[in-house]
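Student: Could you take me through one part of this model in detail, namely the salt bridges and the surface around them? I would like a careful, connected account.

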Amino acid sequence: MEDNLVALGLVVGLAYRNPYLSPYEEFQRYKTHPAIKAFLEGGKRIAYGARAIAAGGLQSLPKLIFPGGCLIGDDAGFLNASRIKGSHTAMKSGMLAAEAAFDALKSERAGELTGYPEAFRGSWLHDELYRARNFKPWMSKGLMTGTMMVGIDQIVFGGRAPWTLHHRHADHQSLVNKARARPIDYPRPDGIITFDRLSSVFISNTNHSEDQPCHLTLKDPTVPVRVNLELYDAPEQRYCPAGVYEIVRDADGANPRLQINAQNCVHCKTCDIKDPTQNIVWVTPEGGGGPNYPGM
């Protein structure tokens, strides 16, 4: 019998409003859909990983150059979100930067690499991102409205509609107060098609030296309980796909506090993006630790 390898993923936009939503649990529920489950039955889970992607598009690109360097690829946000594709755009941005750097060195020009953003604006990469620019803003208006308007934008106007929508707020500003949200009752994992987070993290082969400083830092250690738990029921417990953040209490349920299990971190950086108070700061861990995906 021939073995087949199935790579399955789910993209959850981080502009969601309900603080009780868990991207990881949404992925598990997604796998139970009959059209998806049919591909997984009888199979074996062999790897797990998670990451955040910069999907804001052309309107969210930062300044690409600075003294001594430039931003390329996913670091800059060159993802075509409408196609969920970014390898070709990342490579093209690197090629444009390399060509601009070569020209600057050949001409002995100093200062910022101004030729790079100029070349970007004249390339097919800019044209592709321009035609996809309204995808994320439209989809933020809901599945039905977004689908209809993206269809008009892409099919009727070919991505060249006479309007450009803009992002109204950052992802961390979108959560509503827990009093206005409905808790989500996710089904328990069955260990066959759906799985718990910690067993998934285990097969990501993530590893950090036990004696290294915690790479997940807090600007104010009182905020997780005083603000996040009080207003949003500690959403870091749910938006993290690796179970890094945990509210623990005394035996009698008193004295809640945030426990950071940094050794579980798969370096997705969701916490750095979605934390409603922007109190969590993800810094590069020592020693090159993190996930070690098999076959990569």
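Predicted model: local features only at pLDDT ≥ 70, side-chain atom pairs only at ≥ 80, totals over all residues.

Tutor: A residue counts as buried under 20% relative accessible area, as exposed over 50%, and as partly exposed in between. L8, with a relative accessible area of 31%, is therefore partly exposed.

Turning to the charged side chains, the count comes to ten salt bridges. One of them pairs R51 with D74 at 2.4 Å, N to O, and this pair links distant parts of the chain, since R51 sits in the loop between α2 (34-40) and β1 (65-66) while D74 belongs to helix α3, 23 residues apart. R51 is exposed at 54% relative accessibility, whereas D74, at 31%, is partly exposed.

A salt bridge also joins E112 to K63, with the closest N and O atoms 3.3 Å apart; here E112 comes from the loop between α4 and α5 (115-121) and K63 from the loop between α2 and β1, 49 residues apart. E112 is partly exposed at 28%, and K63 is exposed at 57%.

The side chains of R83 and E128 meet at 3.4 Å, N to O, which connects the loop between α3 and α4 with helix α6 (residues 124-131) across 45 residues. In this pair R83 is partly exposed, with a relative accessible area of 44%, but E128 is buried because its 10% falls under the 20% limit. Elsewhere, salt bridges that share partners join D127, R131 and R160 into one network.

Notes
Residues numbered from 1 in each chain as written. Heavy atoms only, no water. Buried < 20%, exposed > 50% of the residue type's maximum accessible area, 1.4 Å probe, protein only. Salt bridge = Lys/Arg side-chain N within 4 Å of Asp/Glu carboxyl O. Helix = DSSP H or I, 4+ residues; strand = E, 2+ residues; numbered from the N terminus.
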